[in-house]
Number of protein chains: 2
Amino acid sequence: MYIILVYDIDQKRVGKMLKLCRRYLNWIQNSVFEGELTEVKLKELLLKAKEIIDPSYDSIIIFSSRQEKWLDKQVVGLEKNNLDNMF
Amino acid sequence: MYIILVYDIDQKRVGKMLKLCRRYLNWIQNSVFEGELTEVKLKELLLKAKEIIDPSYDSIIIFSSRQEKWLDKQVVGLEKNNLDNMF
């Protein structure tokens, strides 16, 4: 599945969440990630995420599409993940 | 088209951008919006956005899908737009 994940997490917990998401997905903007994941891997990621977040303050939204070709992406302004791709 | 829009905009300009996006889409998280837009309306939104942003600092990413049913959405933790829906 093709995944877009966006989160809004309190600063106290955001570092852990960033690290977790980068292990599964590509960082493309501030709190936005995308990438191909199997359903099993997505479940694994969400289980780990639930251990990090405080569900009464933090929020994670996951959009998934069975095929990447069903989604078009357009960037206006800066492509913030350029640096990310170098590592 | 079904649109997901995420932005990362400097605080000086973010208020204007928020106001603009809310005229076209539903706010669902911090800097994330979704909704159905025609191609013409999306172009209109992006033209206006380009007048607001500084393309050397700010970034907008737009994912679009021809059909909403091609996209699944899952929320973990708080649904931050609950309040938004009331107005």
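I call a residue buried under 20% relative accessible area, exposed over 50% and partly exposed in between, with a 1.4 Å probe and protein chains only. I am working on a predicted model, where local features need pLDDT of at least 70, side-chain atom pairs count only at pLDDT 80 or more, and totals for chains, interfaces and linings use all residues. Residues are numbered from 1 along each chain as its sequence is written, chains are lettered from A and ligands numbered from 1 in the order in which they are written, and side-chain values use heavy atoms, with hydrogens and water left out.

**Entry 1: salt bridges**

I looked for a side-chain nitrogen of Lys or Arg within 4 Å of a carboxyl oxygen of Asp or Glu, which defines a salt bridge. R13(A) sits in helix α1 of chain A and D58(A) in the loop between α2 and β4 of chain A, 45 residues apart. Both R13(A) and D58(A) are buried.

I then looked up E34(A) and K73(A), whose side chains meet in a salt bridge at 2.7 Å, N to O. E34(A) is buried at 9% relative accessible area, while K73(A) is partly exposed at 40%.

**Entry 2: the sheet**

I took helices (H or I, at least four residues) and strands (E, at least two) as DSSP runs, numbered from the N terminus. Two strands pair if DSSP finds at least two bridges between them. I noted an open sheet of 5 strands with antiparallel pairing, in the order β2(A)-β3(A)-β1(A)-β4(A)-β5(B). Its edge strands, β2 of chain A and β5 of chain B, each pair on one side only.
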